[in-house]
Each structure stands twice: as structure tokens, then as C-alpha cells.
Amino acid sequence: MASAEHVARRLRRLEWATRYRPLHVQTLLLGAVMPLADAEFVYADAAEFSGEAERVLRVAGIAAAGKSAEAIHHELQRAGIFVAHVLECPVETADGAAFAELLQRRVGNTLLRIRRSIKPKRMAAMGVEMDLVVERLTEQESGCTTILDGGRAFKLDQGNEPTERLRAALASPLAVAR
């Protein structure tokens with residue numbers, strides 16, 4: 001059973017993401033698990049972004065300095081980029097067999113949601129944890145082109161090179177690299 005605080009936080013994040021979801025999603029950036037801190041959640045009303053949110057903004061080419069959170073969200077929305085996670089609630093630890101099993105169990109529902117609701121033109125997997133389910137990220141299961149980094153998820157937290165490879169792939173009209 002989830003606590004009232006957990007449910008309230010989940011609903012707040014759902015509201016933020018829904019408010020700034022592009023009408024037509026060009027690119028879905030799919031991570032394994034929603035970040036714990038609001039400042040790392042790209043749709044939060046944060047004064048400053050860090051972690052995953054900061055990396056997503058770098059991929060999108062959005063400079064956050066001197067801009068309000070709302071202005072940043074609108075830029076992301078205009079770029080047609082949407083961020084989602086297989087596990088929509090933060091978890092304490094993202095390693096071990098139990099986490100891998102949970103991710104495997106939930107990825108099917110996520111792919112169904114991508115195919116039926118989000119309907120992006122393309123999707124890119126981000127984060128080391130996504131390598132646990134990367135073989136499921138097919139066009140047949142997701143309904144869109146999947147962009148991978150040499151057959152694996154883009155490790156955006158491992159320096160500028162993966163970020164630049166993803167930016168280059170997204171800039172290409174033929175972004176179908178696996």
C-alpha cells in the first residue's frame with residue numbers, strides 16, 4: 001500500500017508531465033525509473049535542474065540559465081520531446097535481481113502505453129538500467145523507431161560523448177540507428 005504522501009507526489013508529477021506533453025511527440029526519451037528528487041524530474045517546477053533533467057535538457061539543446069521552469073518546459077514541448085519511465089515511481093535502489101525482474105515485468109505495459117497513447121515517431125533509451133530491457137524496445141512492440149547507442153541505451157550520465165551521439169542521432173532525419 002502506498003502512503004498518502006507517495007500518491008500525492010505521484011499525482012503531482014503526473015500533472016506536471018501531462019501539462020507539458022507535446023501534442024505530437026516526435027521523440028520519446030525512455031528511462032528505467034523516475035528520479036527520486038524533483039530537481040531531477042524534467043517536468044518539475046524546480047528553480048534549478050540537476051541529474052537526469054539536466055542531461056535531458058542538454059540532449060534537447062535547451063540552455064536553462066536565466067529561464068523560468070515554465071519557459072524551459074515550453075521549449076521542450078515545442079521540440080516535440082517527451083520523457084517517460086518504465087517505473088513511474090522512484091525506487092530506493094536500481095540494482096539487483098529484484099529490480100531487473102520488476103523492470104522486465106513493467107516494460108510490456110510501458111510499450112503498450114507508448115504504442116497506444118504516447119505514439120512517438122521515435123524513441124531513445126537512456127540510462128544503464130535500460131540495458132536490462134533493451135531487447136524489448138523494437139518497432140514492433142513500441143510502434144516507433146528505436147534509437148540506441150550501438151545496441152544499448154544511451155548512458156547520458158557518463159560524460160558528453162553519449163549525449164553528443166544522441167543529439168546527432170536526433171538531428172538526423174534517418175535516426176534509425178540500433
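From the N terminus on, the elements of the protein chain follow the order α-β-α-α-β-α-β-α-β-α. That comes to 6 helices and 4 strands, where helices (H or I, at least four residues) and strands (E, at least two) are DSSP runs numbered from the N terminus. The model is a predicted one, so to speak only of what it can carry, local features need pLDDT of at least 70 and side-chain atom pairs count only at pLDDT 80 or more, while totals for chains, interfaces and linings use all residues. Residues are numbered from 1 along each chain as its sequence is written, and side-chain values use heavy atoms, with hydrogens and water left out.

Taken as a whole, the protein chain has a radius of gyration of 15 Å, which agrees with the value near 16 Å that a compact globule of 178 residues would have. This radius is taken over C-alpha atoms, and the globule rule is 2.2 Å times the number of residues to the power 0.38. The C-alpha trace spans about 40 × 40 × 30 Å along its principal axes. Of the 178 residues, 44% count as buried; buried means under 20% relative accessible area, exposed over 50%, and partly exposed in between (1.4 Å probe, protein chains only).

Now for the strands. Strand 1 (residues 27-33) runs parallel to strand 2, with 6 bridges joining the two, and it also runs parallel to strand 3, this time with 4 bridges. Two strands pair if DSSP finds at least two bridges between them. Leucine 29 shows both links: its bridge partner in strand 2 is valine 83, and in strand 3 it is alanine 124. Strand 3 in turn is joined by 3 bridges to strand 4 (residues 145-147), again in parallel, and here arginine 122 stands opposite threonine 145.

How well covered are these strands? In strand 2 (residues 81-87), 7 of the 7 residues are buried. In a regular strand the side chains alternate between the two faces of the sheet. Strand 3 (residues 122-125) is covered on both faces, with Arg122 and Ala124 buried on one side and Met123 and Ala125 buried on the other.

Just after helix 2, glycine 61 takes a positive phi of about 75 degrees.

Glutamate 15, in helix 1 (residues 4-19), is partly exposed at 46%, and its C-alpha atom is separated by 31 Å from that of asparagine 160, 145 residues apart along the chain.
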